[in-house]
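Me: Please take me through the terms used for this model, and for each one show me how the value meets the definition.

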Amino acid sequence: MSNNNRLGELLVRERLISLTQLRHAQDEQQKSGQNLGYTLSKLGYVSDDEITNFLSQQYRVPTVNLDEYEVDAEILKLVPKEPCERHKVIPVSRTGNALIVAMADPTNLNAIDDLKFLTGYNIEPVIASESAIHAAIEKYYNVGPSYDEVMAGFDETEIDFTGEEDEVNLLELEKATEDAPVVRLVNMILLNAIKKGASDIHVEPYEKKLRVRYRIDGVLAEEMTPPLKLRNAITSRIKIMASLDIAERRLPQDGRIKLKLGKGREMDFRVSVLPTLWGEKVVMRLLDKSNLQLDMAKLGFDPRPLDDFKWSINQPWGMVLVTGPTGSGKTTTLYSALSELNKVAHNISTAEDPVEYNLHGINQVQMHDEIGLNFAMALRAFLRQDPDIIMVGEVRDFETAEIAVKAALTGHLVLSTLHTNDAPATISRLLNMGVEPFLITASVNLVLAQRLARKCCNDCKQPMKYEKKVLEDCGFTPEQIAAGKLLRGTGCKTCNGSGYKGRVALYEVMRFTDNLKEMVLQGASTAELKMGAIKNGMSTLRASGIKKIIDGVTTPEEVMRVTMAD
């Protein structure tokens, strides 16, 4: 009997999982080739901790928490990365002639024999979850060179581009971009951003300083300050990677870098180069397909707003509008709606600027304003393509709004975005664009406003006492203040000392009911529409944030930062 089958039977016997769950996990395991314990944990049938504790009791082998353990570099040198990945193990420490090794499966005698032969030590297994071992291997074995190590191989006197723009020799510049420290430095900037979960990289030249900043969980922070003399070499290296013209330094340019990171993972960087007073500023947006969360239940929706949103996108026709500032997750929300609607029976077309993620089964069109292909032209073309569902990147002007409304009225479902502060203000924005009130009331199904708030770091969040006035200013009711047990991250290695790790969406979902339509036809103001929507049960962005605070997901400071007071 294989170890996997034995583990499955033991878990069923101990009633930690059902037989049906075991069969499902075994089917999934055959498709993925992963370990059974890892598959059960991924499916949510049993947690990593439950499996490790169970194995520990079953085989009388101690467990180890790799998150709280710092493995010495000398120990890591004893076992190369390849056998660690193959056997799902990692060396932890050494006592005398025994090497203590964390294993996902302590009964794997092949692994123990291999390691004994490789190191010459007796192997003493301890148990850790497969996901924890995988994370530890990534942490310890995939460490790239540090900034200091990269710069150690660089002689600052070798390249000097401080003259006037016209004096820069392009041949010298191309040669400089191939200089090993410059190549390594740019690679390090890109890979570091991926490891830290950054959404944007800013490379900014100033008169006496060159700085690199990362936007992590929506907040910019300085990462490094390379020597100013590397300014043009770094910019040109990025431009070459993005297939841009390094000779053109007076006009803005846009491009794309695609990195392959092994195990089939790809990362796209959308590159924007802007000429500034002291040189070209480069901003790169990271587009990680593997991190695209398209499951609506996991985006942060509360039950009622989620029901309303699902109702609106499953209507045969009408408009669904998503609103919020740049970087508030509008695209992710629209993509999650499209992935739910993406069925063989539906013809779905999208007009995007730019296309951020490729979705199989959906016809995505990239806008090109320079040749006249804008949202309005794409919309007109879509209507001749027998569409069922249309997604327009943004309603920017009357022409686009007019065609979108007409498409919604003629039997199509139209999804789009706008830039407004909240859901009720979206109606006023359409009116200001010149769309007639009766067309708005006839076409709009629902308006959703959203923001992204940083989540408390799970590894260091602690109960936190807030002053009553702070909570009152945030919008807490006396009952909520009395009942609230609020949490806040204290700062740790996981969150780089910020107390926050990851983000959660706050939603304001306004279903366009008959009484709201009547108010629009009677010329109601945005404030009156908002009051009417709240009476209908709409939860505002601030109220959505307060619920997340009470649930221990985020903090009052964060909700006040990203939302306006009601």
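**Salt bridges and burial**

Reply: The count comes to 28 salt bridges in this predicted model, where a salt bridge is a side-chain nitrogen of Lys or Arg within 4 Å of a carboxyl oxygen of Asp or Glu. Residues are numbered from 1 along each chain as its sequence is written. Since the model is predicted, local features need pLDDT of at least 70 and side-chain atom pairs count only at pLDDT 80 or more, while totals for chains, interfaces and linings use all residues, and side-chain values use heavy atoms, with hydrogens and water left out.

Me: What makes Glu-74 and Lys-77 a salt bridge?
Reply: Their closest N and O atoms are 3.2 Å apart, which is within the limit, so the pair qualifies. Both Glu-74 and Lys-77 are exposed, a word kept for residues with over 50% relative accessible area, whereas buried means under 20% and partly exposed in between (1.4 Å probe, protein chains only).

Me: Why is the salt bridge of Arg-511 and Asp-308 said to tie together parts of the chain?
Reply: The closest N and O atoms of Arg-511 and Asp-308 are 3.3 Å apart, and the pair is therefore a salt bridge by the same rule. Arg-511 lies in strand S18 and Asp-308 in helix H13 (residues 303–313), so the pair ties together parts that are 203 residues apart in sequence; helices (H or I, at least four residues) and strands (E, at least two) are DSSP runs, numbered from the N terminus.

Me: What makes Arg-380 and Glu-399 a link between distant parts of the chain?
Reply: The closest N and O atoms of Arg-380 and Glu-399 are 2.7 Å apart, so they form a salt bridge. Arg-380 is in helix H15 (residues 375–382) and Glu-399 in helix H16, 19 residues apart. With relative accessible areas of 38% for Arg-380 and 35% for Glu-399, each counts as partly exposed. Leaving aside neighbours within four places in sequence, Arg-380 is in contact with Glu-399 and Ile-403, contact meaning heavy atoms within 4.5 Å.

Me: Why is Ser-56 called buried?
Reply: Its relative accessible area is 18%, which is under the limit, so Ser-56 counts as buried. Ser-56 is found in helix H4 (residues 48–59) and, beyond its neighbours within four places in sequence, is in contact with Val-61, Pro-62, Thr-63 and Ile-127.

Me: Why is helix H23 described as largely enclosed?
Reply: Seven of the 10 residues of helix H23 (residues 541–550) are buried, so the rest of the structure largely encloses this helix. These buried residues, among them Leu-541, Arg-542 and Ile-549, pack against strand S15 (444–456), helix H19 (468–474), helix H20 (478–483), strand S18 (500–511) and helix H24 (556–562).

Me: How do you know whether Leu-230 is buried or exposed?
Reply: Leu-230 has a relative accessible area of 2%, which is under the limit, so Leu-230 is buried. Leu-230 lies in the loop between strand S6 (219–224) and helix H12 (231–241).
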